[in-house]
Amino acid sequence: MDYNTIIIGAGAAGMMCAIEAAKRGRHVLLMEKSNKLGRKILMSGGGRCNFTNLNIQPGKYISQNPHFVKSALARYTQWDFIDLVNKYQIAFHEKTLGQLFCDHKARDIVEMLSKEMMRYNVRIQLNVGDIQIIQRSKGFSLTSHHQSVTTENLVIATGGLSIPSMGSSPFAYQVAKQFGIPVIETRPGLVPFTLHEKDKTQLSPLAGMSMDVIATTDENTISFRENMLFTHRGLSGPAILQISSYWQSKKNIYLNLLPDINIFEYLKNQQQQSPKVLLKTVLASRLPSRFVELHMSEHLLRSRLADINYATFETLADKLHHWTLKPNATEGYRTAEVTLGGIDTDELSSKTMEAKKVTGLFFIGEAVDVTGWLGGYNFQWAWSSGWAAGQVC
Ligand SMILES: Cc1cc2nc3c(=O)[nH]c(=O)nc-3n(C[C@H](O)[C@H](O)[C@H](O)COP(=O)(O)OP(=O)(O)OC[C@H]3O[C@@H](n4cnc5c(N)ncnc54)[C@H](O)[C@@H]3O)c2cc1C
């Protein structure tokens, strides 16, 4: 055999796996179709890479089998990755909700991983062409361009379908198909919503405005309190990206636009204390006035609190605490941060990521049916699953 391990895809998961396998003295080749390592790391977190989260927990991952992530996340934790970052003296900070970002640039993380790969003699090939895989009685042979190489173990780390302009490819799903391994249907996740024409026209004057909201779906099983941003095409911002991963086509989303107060009680109190004040003035102290003007009748807004009955307050409160919208669609893979679905986890060992029915074949990272929340969870899955495979491949 030419190699003990060949890893296809030099993203976060592939590089971590290469380091770990090479550390064990394995002869490792990392094959990448683009001209650089870790392209998504470089563009992540607005160029500062949100490389993990202090609050990593299995419940913050979406998969058909919610237990699948437990083993890998417990064996290579956020603290392990933070140790590595500290070892390279990369300065970082917590931005919000446990999210850790580089102080300087995402390139620090790619350079750290490159140095580790160099240290343990990982061989790297960039700009590789289409790869054909043939299973042999023991191991695999791979052909691309004019080269042919053999390996005992093969790790597929080619990610999902998000951001095609960055070279994402369905390669992992094609390999799964070749070996008879099912793939859970994929769809874009952590992605902005587009709106139906009527809502879009009504809300477009708000483009650029953001609000602190609690976003939830029809099922009401999960909610996110973060910022929402109005865009020219629809809705974005962290709360929307998070809820998009749970949204089912044609269903509603619900937004609590006043998460800190019970506006019904507040209006009743205000009515007693300042009956002559206009409703418009009271609401504008809690909500952006542009939003208020767009959503309430001029007549109501110009009414004094004393002239408004409780039933009207109740209707108003319901509207503001359960603002209901039916998105038209998502912006799709073009702007999605991640791909939901992927290689069926029932077919993989949760301890090693090896395919149960194909000895020596592994799938790691985003290619697998595991998707994390926004906030460093996806990189942690890439590190943890790459590490887990690296211990045995
Ligand atoms: C704009 C953006 C920002 C993000 N920011 C964050 C963030 O801050 N924090 C976070 O946790 N997550 C973030 N994510 C998600 C995160 O980038 C991914 O979850 C993570 O990169 C997945 O790692 P991976 O190694 O599985 O796949 P990838 O990083 O996608 O790597 C796959 C690699 O395989 C290569 N490849 C593909 N096909 C082939 C082929 N046929 N042959 C050879 N090579 C191939 C690709 O070129 C690529 O280098 C962001 C995503 C995007 C799009």
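Me: Two strands pair if DSSP finds at least two bridges between them. On that basis, what order do the strands of the open sheet have?
Reply: The model is predicted. Its open sheet of three strands has the order 3-6-5, and the pairing is antiparallel.

Me: Which strands are at the edges?
Reply: Strand 3 (50-53) and strand 5 (92-94), each of which pairs on one side only. Neighbouring strands of the sheet are turned by 30° against each other on average, direction ignored.

Me: How many bridges join strand 3 and strand 6?
Reply: Three bridges, in the antiparallel sense, with strand 6 spanning residues 99-102. N50 has F101 of strand 6 as its bridge partner.

Me: And which strands does helix 4 lie across?
Reply: Helix 4 (residues 78-87) lies across strand 3 and strand 5, and runs at about 140° to strand 3.

Me: Changing topic: how is the protein divided into domains?
Reply: Domain 1 covers 3-188 + 338-390, and domain 2 covers 192-331. Their C-alpha centres are 39 Å apart.

Me: How many residues are in contact between domain 1 and domain 2?
Reply: Six residues of domain 1 contact five of domain 2. On the domain 1 side, five of the residues are nonpolar, one is polar and none is charged.

Me: Which residues touch the most other members of the largest nonpolar core?
Reply: Among its 112 residues, these are C17, A18, V155, I156, F363 and I364. Helix 1 (residues 12-23) gives the most to this core, with nine residues. The core lies between domain 1 and domain 2, because both give residues to it.

Me: What is C17 in contact with, leaving aside its neighbours within four places in sequence?
Reply: C17 then contacts I7, V155, A157, I364, G386, A389, G390 and C393.

Technical notes. Residues numbered from 1 in each chain as written. Predicted model: local features only at pLDDT ≥ 70, side-chain atom pairs only at ≥ 80, totals over all residues. Domains from an automatic or database assignment. Contact = placed C-beta atoms within 7 Å. Nonpolar A, V, L, I, M, F, W, Y, C, P; charged D, E, K, R; others polar. Core = buried A, V, L, I, M, F, W, Y, C linked by C-beta atoms within 7 Å. Buried ≥ 20, exposed ≤ 12 C-beta atoms within 10 Å, placed from the backbone. Helix = DSSP H or I, 4+ residues; strand = E, 2+ residues; numbered from the N terminus. Axes fitted to C-alpha atoms, helices over the stretch in contact; angles between N-to-C directions.
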